[in-house]
Structures are given as C-alpha cells and as structure tokens.
Amino acid sequence: MNQILRHARYVLGENPVTAASFGMFALFIIAAILGPTIAPYDPLASNTAQALAGPSPAHWFGTDQLGRDIFSRIIAATRLDMGIALSSVALAFGVGTIAGLAAGYRGGWLDRVVGRIVDTIMAFPLFVLAMGIVAALGNNIENIIYATAIINLPIYARLARAEANVRREAGFVEAARLCGNSETRIVLTQLFPNVMPLMMVQISLTLGYAILNAAGLSFIGLGVRPPTPEWGIMVAEGASNIISGEWWVALFPGLVLMAAVFCFNLMGDGLRDIVDPRRRT
Amino acid sequence: MIVLRRLVSALPSVIGVIIVTFLLTRALPGDPAAYFAGPAATQQAIDEVRHQLGFDRSLPVQFVDYVKHLAQGDLGTSLSTGQPVIDELITRLPASAELTLLGLLLAVAVALPLGITAAMRPGSWVDHSCRIVATAGVSLPTFFTGLLLVYIFYYLMGWAPAPLGRLDVFYTAPPNWTGFYLIDSLIARDWETFTAALSQLALPAFTMALFSLAPLARVTRASMLAALGSEFIRTARASGLSRMRIVYVYAFRNAMLPVITTLGMVFSFLLGANVLVEKVFAWPGIGSYAIEALIASDYAPVQGFVLTMALLYVLLNLAIDLVYGLVDPRVRLEA
C-alpha cells in the first residue's frame, strides 16, 4: 500500500498538469461529500426580492429567477452529478470488463453473444439510445445511471476482449495455468491487472462523457427534476434568461460542468501511469 | 457486388436495432396499455387498447406484429397530436438533416486544414491551437456552447436573429422540393429567403460543428503525422517530388483512412447533439419532436424517433464503409 502511494506521488510530481487535474478532482470530491453544508445559502431557498441579481460579493455567481443562490446550488449539485458519473462508470467498467475478458479468454458462443450485444448497442447513436432507455424504463435518476452505463459498456467490453484474446496464450498465463490456477483465477489475477492501464484512460474519458450525457439528459427534462439542483438542469433553467441578457444563470453551472469534464479527461494519463504494473519499479 | 455485400453485412445491425426498439416499447414501467390509452382512460378502455395493441398475446407474436407494422411504415400514433408518427417524422426530418449536414460540412472544412497544418508544423502556434480546440471541443457541453453563442451573437452583438426556429416569422418557407430551406430557396431564386434561412441556421450549425470538430482535427493531425513520417513519403521526397504533391496526394490520401473511420463516431455524436441543439434553438426537427413527446409521456413518437435515428446511423455507417472502399483500393482487392 505504502509503495503504491509512493509511486502515485512520484507520478503526480513528474507531471504538473496531471497533478493539477487530481487536485481539481479532489475539490470536486470534497464538494460532493460536504455538499450543502459548505454552501453559503440554502440551495433550495427562494428569495424573490433578490431574483435574477447579477454576481456580487453576497452572491458570487448571482441568483436565478427564484432568487436562489447559484453558487450554493452548484456546490449542492456536485454530489448528484459526481454520483451519477462515478456509479455509471463503475457499473460499465465492472460489467463490461468482466464480460469482455470472459469473451476474449473463452471464445466460442460466449464471445459471439457478447460481441453481438456490443455491436447492437454500438448500432445506435449513443445519446439517442440513452434517451430511449430512460423513456422506456421510467424517468428517474436510477435509470439515468443505467442508461449511461449501458452506452459506455461497449468500449470496456471491446478493449478487454481484445486484450484477453491476445494474452490468453501468453507465457505468464500458461505458467499460471500450469501452477494449477483455476480459469476464473487466471482471468482475475493475471489478465485483469494487465488491462487496467488501458482501462484507466478509458475510465477518465468515459467519466467525462458520462457527466456530459447525464447533464444532457436532464437538460431535455429527463431524470433529474426541478427544484433539485443539477448542473444540466441549471443550464436549462438559465436558457430562457440568456436571450434577455442574464448570462450568469446558465454560464456558471455550464462552466463547472466543463471544468469537471476537462479535469476527468486530463486525469487519464496520470491514472494509467499509477496503475501500470510495468512502471511500478 | 461490394455494395451488395456491405448491405448484407449491415443486416445484423438493423435486426438488432429493431429488436431493441421493440423491447423498449415493452419495457415501459407499469402497464404499457395504460400508457398508450392515456391518463384519463377507464379500465375498459385500457383493456381495449391492450387487445388493440396486441399486449395480451405472447411476446414472439407481438414481435412479428411489430415488424409487420414497421414494414408498412406504421410507427403508431402520437397521443398528443393524434397524427401518425411516421408522417410527423418525415415532415420534420429535413430540418434536422439540414442542420446536421451543414454542421458536419463546417466541421470537416475547418478540421481537415487545421489538422494537416498542425501535422506539418508540429510545435507551431497552429499545432497548439489544434490541441486547444481538440480538448475544448470534447469538454464543452453542446447545449452550453449553443447558449453561449446565442448570448454573444444575439444579445451582445445583435448579429444573429432570435434563436426561434428555421425562419423568421416575416418570411414564408420556400416551395418544398428537398425540404432543405437553403437549397429550396436557391431553386426558387429567392435570395432574401436564402439569407434569412442561412442566418437562422448559422449559430446552430456552428454549435454542431464545434462539437464534432475536436475528434476530426485530432485524428487528422495524428494520422497526417504518421503518414508524413512513413517510408514512402521519404522515398517520394528523395525522388524530388514537389511538396504539394507529397502532402496532398501521397500523405493526405493515406491519412484520410482513419479520418473516415472516425466519421462513424462523429455521426454518433452529431445525431445525439442534434437533439440538444434543436432544443436550444427551438429548431423544428425530429429531436425537438421527441423532446416534446417525452415531456408529455407520449411514447410512440419517442420510440419512432429512436428507431429512425438508429436506422439513419446504420445507413451512415454503411455509407462510410463504401467511401472507405473508394478511398482505399486495398479494401476492394480483398473483397
């Protein structure tokens, strides 16, 4: 454990951009955990006397049409947005990687079934498929998570399958087999760590994509419902104010959304270096 | 022959798409018949609808029925408008297609030169701006870019018209030939309408372009770099061919292959982004049709929309495959 930490510190020290993105990620996580407790105002409390006030020392990011403090709402929304992104990517990563590894290692009918499912998902424009899934399963946050996980699944399954397929005859796999390891054990202890570095880059990219997808769905009125603070829905609420010049209602949640995606995308290379077994020397 | 083979290879995707959309119709939470009967229906009306829609029969029978209806172009009827879904999709499709295609055209027109120039001068300011565009493009939510552009070009500058649909209310739509206002107004030689339609189209198309520019520029740059560093380019240089010929004939044609493959992903992005951009600009396309239906819990249009988009996407991928074969003679030889 200590060694992994030391290695992580080394990787972060080597690349300032990665370190900055990890710092930003930590900020997002802190905001997600502490949420409403560190927000200066109640994110749901409306105050019509202060409606649509521009950014000021009292309200850093201004107030919306009901006079709610936008800064507080953005902080309160972090938990929901991060929660959706992390849990959907965890689901997609878990199911996709296991299915892909099994398909690539086993081959045969399992490979064909997994391949067919993945191809079918990929035959849809992904955001449109997510819309269809949420519309069919029911309009709530849980289904947003499932939909986002499903559209991200093919990337993991394909990558894991390709890697397992190449490595199933590799020397270290044969050695493990000779030592009497079970097939499941070989997949989990020999193949899985080897696909991790590749997966880490994908995780960081799909985290960004997941958060954009969830925000997009709530922008068109799926999943999260007002008055729940969520970045996508906040941008949607500010959309009508843009035309009359109240830019801050949509701008700040949009910027935070962008910063989150940007941060996720930059984290990829650092994460890969941390988990890569070949670099842990 | 190759075209035929490609068509056959697209069949599994089409079948998969039809099965998934069928399953989505059956997966409606609660009782689907109650949904299709509407919120005010009595138990008797619901039972009637259930029988009418065949929900009281076994799943395989229902599926055959569903495919039969599809073959006749029957996607059901919208609850809120009472119109057949297919008719509304067909009347609204040109609006979406015009927006998406112009967006893609803009993106290609900017991304290719940008990527090529960046690859020819690595480390220059063009290269850096290419990287910034590529990173910013994937991080920016489309709906946010759209709103930002509306604020800058409509509210602050006053250059763009209000983001409310395809044409300002003062203009009448050009006679319908293709459904594309730009082309129709050109056919009618109506310059005023052409300019009006173009000014409405400019911001949403630019929003779409910004979004799809990023992957295109990145792949163009990377594959141009790889092509320029390869042995046949060194040979071409050593043989004294002109720089233009080396870059645009030898390197460019080879570098195009990964770019064409990326177009598949770009189309997936574009068709999804289309929905969001249509909402921002009140664009009367199939995306906003689906959103209106979603809000009204009107499922037939949503399902019709998902199916249409998926079939369009399969067709686009087929087209990409064919273009790939045209550009790369090796693919033709193998086939």
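Author: We can begin with B:L213, which is found in helix α9 (residues 191-228) of chain B, where helices (H or I, at least four residues) and strands (E, at least two) are DSSP runs numbered from the N terminus. This is a predicted model, in which local features need pLDDT of at least 70 and side-chain atom pairs count only at pLDDT 80 or more, while totals for chains, interfaces and linings use all residues. Residues are numbered from 1 along each chain as its sequence is written, and chains are lettered from A and ligands numbered from 1 in the order in which they are written.

Reader: Is B:L213 buried or exposed?

Author: A residue is buried if 20 or more other C-beta atoms, placed from the backbone, lie within 10 Å of its own, exposed if 12 or fewer do, and partly exposed in between. B:L213 is buried because 27 other C-beta atoms lie within 10 Å.

Reader: At what angle do α1 and α10 of chain A pack?

Author: Two packed helices are described by the angle between their axes and the distance between the axes. The axes are lines fitted to C-alpha atoms, for helices over the stretch in contact, and angles run from 0 to 180 degrees between N-to-C directions. Helix α1 (residues 2-14) and helix α10 (residues 248-275) of chain A pack at about 145 degrees, with their axes 9 Å apart. The contact is made by A:H7, A:A8, A:V11 and A:L12 of α1(A), together with A:G270, A:D273 and A:I274 of α10(A).

Reader: How many residues of chain A are in contact with chain B?

Author: There are 36 residues of chain A in contact with 40 residues of chain B, and α5(A) gives the most to this side of chain A, with 9 residues.

Conventions
Contact = placed C-beta atoms within 7 Å.
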